[in-house]
Amino acid sequence: MSKSKRARPQKARVGAKVRSKATVRKSAAHRKRGKSKQDHVLHLLRQPSGVTIENITQATGWQSHSVRGFFAGVVRKKLGLSLVSEKTDGERVYRIAGGTAGANSAAKSIP
């Protein structure tokens, strides 16, 4: 006959911490901005002439589908910025709307 193991009471984990609302920090408050790839891409998008996906891939090392994902996930959804796309000379140029008034008339907003 084998002995059946009795269930042991679970102990509280030593490493687990209970955080109160006062001790929870906001992630943006402690990080200095300005040197990340995201900041570099946002700087390129804020230029009046805009930037192509190819230029961003060369500047960051990202693949083109990652750049498009950054546009959708970070620029539009997380930051809530208005991204404008124009097709000039066969190339699609992206920029953040709001900085230039003259180029907005011929611009097409990305849905």
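Two residues are taken to be in contact when heavy atoms lie within 4.5 Å, and the packing described below rests on that criterion.

1. The structure is a predicted model. The protein chain contains four helices and three strands, and along the sequence these elements follow the pattern α-α-α-α-β-β-β. Of its 111 residues, 24% count as buried. The accessible surface of the protein chain comes to about 9,300 Å², and 51% of that surface belongs to carbon and sulfur atoms. Among contacts with a separation of 6 or more, 40% are accounted for by residues 24 or more positions apart.

2. Helix α2 and its buried residues. Helix α2 spans residues 37–45, and within it Asp-39, Val-41, Leu-42, Leu-44 and Leu-45 are buried. The elements against which these buried residues pack are α3, α4, β1 (83–88) and β2. The list of buried residues in α2 thus includes Asp-39, a residue of the charged class.

3. The contact of α2 with α4. How do the axes of these two helices cross? They come within 12 Å and cross at roughly 90°. Angles of 65 to 115 degrees count as roughly perpendicular, and α2 and α4 are therefore roughly perpendicular to each other. On the α2 side the contact is made by Gln-38, Val-41, Leu-42 and Leu-45, and on the α4 side by Phe-70, Phe-71, Val-74 and Val-75. By class, the residues of the contact of α2 with α4 divide into seven nonpolar, one polar and no charged.

4. The contact of α3 with α4. The axes of helix α3 (residues 53–60) and α4 come within 9 Å, with a crossing angle of roughly 105°. This pair is therefore also classed as roughly perpendicular. Helix α3 contributes Ile-53, Ile-56 and Thr-57 to the contact, while α4 contributes Ser-64, Val-67, Arg-68 and Phe-71. The class count for the contact of α3 with α4 is four nonpolar, two polar and one charged residues. Phe-71 is named in the contact of α4 with α3 and again in the contact of α4 with α2.

5. Aromatic pairs. How many aromatic pairs does a search of the whole structure find? The search finds two. In one of them, the ring centres of Trp-62 and Phe-70 are 5.4 Å apart and the planes stand at 50°, so the pair is tilted. Trp-62 is partly exposed, with a relative accessible area of 21%, whereas Phe-70 is buried at 5%. In the other, the rings of Phe-71 and Tyr-94 have centres 4.9 Å apart and planes at 45°, so this pair is tilted as well.

6. The loop between α2 and α3. Val-51 lies in this loop and is buried, with a relative accessible area of 6%. Leaving aside residues up to four places away in sequence, Val-51 touches Leu-44, Leu-45, Ile-56, Arg-92, Val-93 and Tyr-94. The C-alpha atoms of Val-51 and Arg-92 are separated by 8.4 Å, although the two residues are 41 residues apart along the chain. Ser-49 is in the loop between α2 and α3 too, but Ser-49 is exposed, with a relative accessible area of 56%. The C-alpha atoms of Ser-49 and Val-93, 44 residues apart along the chain, are separated by 8.1 Å.

7. Ala-72 in helix α4. Ala-72 is found in helix α4 and counts as partly exposed, at 27% relative accessibility. Ala-72 and Leu-83 are eleven residues apart in sequence, and their C-alpha atoms are 9.0 Å apart in space.

8. Asp-89 is placed in the loop between β1 and β2. At 83% relative accessibility, Asp-89 counts as exposed.

Note on methods: Residues are numbered from 1 along each chain as its sequence is written. This is a predicted model: local features need pLDDT of at least 70, side-chain atom pairs count only at pLDDT 80 or more; totals for chains, interfaces and linings use all residues. Side-chain values use heavy atoms; hydrogens and water are left out. Rings of Phe, Tyr and Trp (its six-membered ring) pair if their centres lie within 6.5 Å; planes under 30 degrees apart count as stacked, over 60 as edge-to-face and the rest as tilted. Buried means under 20% relative accessible area, exposed over 50%, partly exposed in between (1.4 Å probe, protein chains only). Axes are lines fitted to C-alpha atoms, for helices over the stretch in contact, and angles run from 0 to 180 degrees between N-to-C directions. Angles under 35 degrees count as roughly parallel, over 145 as roughly antiparallel, 65 to 115 as roughly perpendicular and the rest as oblique. Accessible areas come from the Shrake-Rupley method with a 1.4 Å probe; for residues, only the protein chains shown count as cover.
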